[in-house]
Structures are given as structure tokens and as C-alpha cells.
Amino acid sequence: MINIGDYCKVLPIIGMENPYHYRNKVHAVFDVERRGKHTNGGRRTAGNGHAKAAPGGVISGVYKAGTHEVINIDSCEIEDELSSAIIRDIRGLLHSFKIKTYDEDTGYGLLRHVLVRRGFHSGEVMVVLVLGSPILPSKNNFVKALLKEHPEITTIVMNINDKRTSMVLGDREQTLYGKGYIEDVLCGNTFRISPKSFYQINSVQTEILYNKAIEFAGLTGNETVIDAYCGIGTIGITAASYMAGQPGGKGGNVIGVELNADAVKDAIANAKRNNMDNIRFYCDDAGKFMTRMAANGQHADVVFMDPPRSGSDETFLSCVAKLAPKKIVYISCGPDTLARDLGVLKKKGYRVEKMVGVDLFPMTGHVETVVLLSKGEVDSKK
């Protein structure tokens, strides 16, 4: 079995100074307490008690692994406290408004999930109500009641997921209050975050992670940079901002590529919001995009890639190799898939220069890793 330490020495993991209540996104599934079906518990809590709901009472929390059995949770040591309080108070409102919870086994009921996102720096709060049908009884009064309980909420969105699926969010949305998204500041830039946007859940450690990635890339302000899997543009805009501020540099050229059209829409808005004129975003498959660049004689100096936990695949990595960037900065949340992908890149002529772990998920077994790979002239200077 290959592990990431086989490629080079791994620098010490960068931990979090205050590793509590760091999750800026809290998700809860809703159900009713049924004798013998549901249990109470906590998400990595420090011994906090949880009041057991009476049979028939509304509960919210997470599914027990491999089942539709809901573990009732009132608070959690790693989740934003305000977000947890909002979810608890929504539970209380459901009875008053006679709103039934959705049953995953039968497909009956209305409220499936609640998602709460809070801007770490902005303080803006978004509540997403995920429903099994597009009709929310007395929705205006429900919104007023929720805002009375929590005036901190800046937007409320109703998401419709009427399919028998394990996916949390559906395709249709309706904004019930506010602008339908929140904004937050990351690495000095402001980002628009919609219900479906991918945004790292630990803002404090994400700034450390991105700054380390920029440091590894050694940007001077004259490079052409690809931000693959760019999402709403957080890494690409951070790089573009850094490059624009380099003395003697010309601001460089950053290209963000992402398949999710909603994310690209947010990325374009984010670039405008931050007055970035050295970055462009494209809704496309990043691998195919880079292959076309190579075929047209275009090049890139640096490729940033931040794939999902499943990692990348050999087809995509082959596309990266065709473009032949001097440096690849790989950000990974899965050490096992990272080790696999580094093996593929090694066969394609890349060498792992250095890597460091950043603890984005304190009190869990997961860690984020930043890796610098290089080839060609960069190798000869080492």
C-alpha cells in the first residue's frame, strides 16, 4: 500500500488554535420520535446531555450510519452555536404550524432537511428549508415567526427535493426572505455563497490552507494559472488578488473552470465584487478544457486542483500532463486518493517537492493536504 509519505517528507500538520464550533455550515435531517426507532446522541460532544424527545415529538440530527434512523442532536462542539440554535427552534415551530416531517422510508411528509450557513466574518446567516413538495403551509407566517426567534437571519430559501434520493438539495429553489445568498470574506476577498455553493466549512483554517497553496506556487504576478474544480472561485480569486499585488508583476492571468453552472455564476459575481480583471471563469469540464488549450498551443505555468474526497482520475490527470504546467498545487481532503493520484502524476514526469497537512476538521480523522509537484526547469533548480 502506497501512502503520501512515500513521495517526500510531510511537514508537520498545522493545527487550529481554538478547534471548537468552527463549522460554518450545519445540516440536520428531521423526523419524529418513534418508540424503538430513534436514538439520542451527540456529534463529538464533550459530554453534553440531550433531552430525549417524547414519542411523536419532532427530532433533528443525523442518520445513523447505513440507516434512516435519526440520532437526535441538540448541540455539537464543532458546529456553529447560532446555527444549532436556529435548527432547534425550527423544531419547535413545526408543531405550531402543523408541518409534518418527511419519512425517507415511506416518502410521506414535508420537511426533509434544514441547512444553515453563517459567514464567519460577515455574520450573515442563510437558512435553507428542504421540502418534499413546493407548498409550505402559512409560509409567510412561518418566516415571520422564525425571524422573530432569530432576527440575525439574513436570508431564507425554500429548496424543493421531491425525489427519492440521498441527495440533500433538489434542483428548484424559492427565496422566501432576503437576497437568497450570503456573503463572507476569505483571504481579504468577498465571496457570494448560494445554497448549493461549495465553501470550505472552516474559515479560519481555510485561510491558512489557501495561503500555503499560494506560497507553494511561488507566484510572481506574471504567470498563467488554471484553477481546476474552481467552484465559486475561492482559490482562483485568492491567487488573482495575490498576483495583482506583486511588485513588478503584471497581474498574471487566472482561468477558473467548473462544471456546475450555479457555481460559475457565483464565481463570475465574486470576481466582479472584488474588482478582479485578471481572472476569467468557464463552465466546462476542466480536463477537456486543458486538452483544448494544449491542442491550440496554449500553456499554463501553474495548475491548482482541489478535487472532491474521491480524488481525481487518470483521465483528468492525463489532461493536466498534456498541458504540461511547470507546477501543480494539489489540495486534497483524502490522503488515500491523494497517494493514488500522486503515483499517476509521477509516471507522467512530475516530482513531489513538498507537502503539508492543514487541520480543517479538528476532532475528526480527516485532514487537508497541500502538495507541490514540479517538472522541467523547476526540477533543475532544486
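Tutor: In what follows, contact means heavy atoms within 4.5 Å. The model under discussion is a predicted one.

Student: With which residues is serine 83 in contact, leaving aside its neighbours within four places in sequence?

Tutor: Serine 83 is found in helix H1. Its relative accessible area is 1%, and it is buried because the limit for that class is under 20%. Once neighbours within four places in sequence are left aside, the residues in contact with serine 83 are Val26, Val116 and Arg118.

Student: Is strand E6 largely enclosed or open, and why?

Tutor: Strand E6 covers residues 111-118. Seven of its eight residues are buried, so the rest of the structure leaves strand E6 largely enclosed.

Student: Which residue of E7 is the bridge partner of arginine 118?

Tutor: E6 and E7 form a hairpin with six residues between the strands. In that hairpin, glycine 123 takes a positive phi near 80°. The bridge partner of arginine 118 in E7 is valine 125.

Student: How many residues of helix H4 are buried, and which are they?

Tutor: Helix H4 spans residues 234-244 and is mostly covered. The buried residues are Thr234, Ile235, Gly236, Ile237, Thr238, Ala239, Ala240 and Met243. Of the eleven residues in H4, the number buried is eight.

Student: Which parts of the structure does the salt bridge of arginine 91 with aspartate 74 tie together, and how many residues apart are they in sequence?

Tutor: The closest N and O atoms of arginine 91 and aspartate 74 are 2.6 Å apart. Arginine 91 is buried at 14% relative accessible area, and aspartate 74 counts as buried at 15%. Arginine 91 lies in helix H1 (residues 81-96) and aspartate 74 in the loop between strand E5 (70-72) and H1, so the pair ties together parts whose separation in sequence is 17 residues.

Student: Is aspartate 341 buried or exposed, and what is its relative accessible area?

Tutor: Aspartate 341 forms a salt bridge with arginine 340, with the closest N and O atoms 3.0 Å apart. Arginine 340 counts as partly exposed at 41% relative accessibility. Aspartate 341 itself is buried, with a relative accessible area of 1%.

Student: Is aspartate 171 buried or exposed?

Tutor: The side chains of aspartate 171 and lysine 163 meet in a salt bridge, at 3.8 Å from N to O. The relative accessibility of aspartate 171 is 64%, so with a cut-off of over 50% this residue counts as exposed.

Student: What is the volume of the second largest cavity?

Tutor: The structure holds three cavities of 30 Å³ or more. For the second largest cavity, the volume is about 40 Å³.

Student: Which element gives the largest share of the lining of the second largest cavity?

Tutor: Ten residues line the second largest cavity, and the closest to its centre are Asp31, Tyr63, His68, Asp103 and Glu104. The lining divides into four nonpolar, one polar and five charged residues. The largest share, three residues, comes from E2.

How values were computed:
Residues numbered from 1 in each chain as written. Predicted model: local features only at pLDDT ≥ 70, side-chain atom pairs only at ≥ 80, totals over all residues. Heavy atoms only, no water. Buried < 20%, exposed > 50% of the residue type's maximum accessible area, 1.4 Å probe, protein only. Helix = DSSP H or I, 4+ residues; strand = E, 2+ residues; numbered from the N terminus. Pairing = 2+ DSSP bridges. Salt bridge = Lys/Arg side-chain N within 4 Å of Asp/Glu carboxyl O. 1 Å grid on protein atoms, 1.4 Å probe; cavity = no way out; pocket = protein on both sides within 12 Å on 5 of 7 lines; lining within 4 Å. Points joined across faces, edges and corners; volume = space filled by probe spheres on them. Nonpolar A, V, L, I, M, F, W, Y, C, P; charged D, E, K, R; others polar.
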